[in-house]
Amino acid sequence: MKYLLGILLLFSTMAHADDWAASVMLPATETPVKLFNGRDLTGWEGQSAKYWAVEGDAIKGSNTDDVPVSTYLFTTKSYRQFRLLFEVKQTRGDNYSTMHSAIAALGEKIEDKGDAFSFKGPLLMFCQDWGIWDANRRNRVVPENQKGTWQNPNEKVGDWNQIEMLVIGERIRVAANGKLVFDFTDKPEMLKASPLGLQLHSNNRPQEWRFRGLILSENPEDKLLTVEEAK
């Protein structure tokens, strides 16, 4: 009996070996919400027939033809103060663009160039270019006055990156693979509750992204959980 239980435990551990977001211990005051059910795009909206699909345990965003304007897969609910834990992987290769992706947050869903799933507001960027781009408003915000891409030496290029985003009040923090990437406090009037969006950037080259985990808690405690001695 003990041997059988041991085998079952082993298989259970293997099945959840890649579930990094779920393995992060949240404070008792926070309730985890799975934004992605692992099966379909329930709770999300976007151009799913054209750009978005579920593949394995991940949401895949991809294009082969031109993307005329950045398009997003949005949550159907809005969020203002939150902790978001997820993993993201960018397919790299000669046939693929290295253009960044982002989480759209704290702004508003808009229509742009005929796409009803575009966005105005902060884009929390990752892979190849990191920081904050204020779409359809101020452009680059973090790092201030940055020219060209701002690369993160801790990025796992072409592999899964573990991301924690923490938004409390006007303060926005992003960590990747256990290291703080940026800590920025914005003007209150620039931020508001909005859907969260996975970005597929405007492009004339193929792109392919995968997102998994996507666990959120609202009104989180004021501490990054994946960075040691974070303040």
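Strand E15 (residues 194–200) supplies the largest share of the lining of the largest cavity, 3 residues. Strands (E, at least two residues) are DSSP runs numbered from the N terminus. The model is predicted: local features need pLDDT of at least 70, side-chain atom pairs count only at pLDDT 80 or more, and totals for chains, interfaces and linings use all residues. Residues are numbered from 1 along each chain as its sequence is written, and side-chain values use heavy atoms, with hydrogens and water left out.

**Exercise 1.** State which residues line the largest cavity, and class them.

Solution. A cavity is a set of points, on a 1 Å grid over the protein atoms alone, where a 1.4 Å probe fits but cannot get out; lining residues have an atom within 4 Å of a point. The lining consists of Leu-35, Trp-44, Leu-84, Ile-103, Leu-196, Gly-197, Leu-198 and Leu-214. By class, 7 are nonpolar, 1 is polar and none is charged. Gly counts as polar, Leu, Ile and Trp as nonpolar.

**Exercise 2.** Decide whether His-201 is buried or exposed, and list its contacts.

Solution. First locate the residue: His-201 is in the loop between E15 and strand E16 (207–218). Its relative accessible area is 16%. Buried means under 20%, exposed over 50% (1.4 Å probe, protein chains only), so His-201 is buried. Leaving out residues up to four places away in sequence, His-201 touches Val-67, Ser-70, Met-99, His-100 and Gln-207 (contact: heavy atoms within 4.5 Å).

Definitions and conventions
1 Å grid on protein atoms, 1.4 Å probe; cavity = no way out; pocket = protein on both sides within 12 Å on 5 of 7 lines; lining within 4 Å. Helix = DSSP H or I, 4+ residues; strand = E, 2+ residues; numbered from the N terminus.
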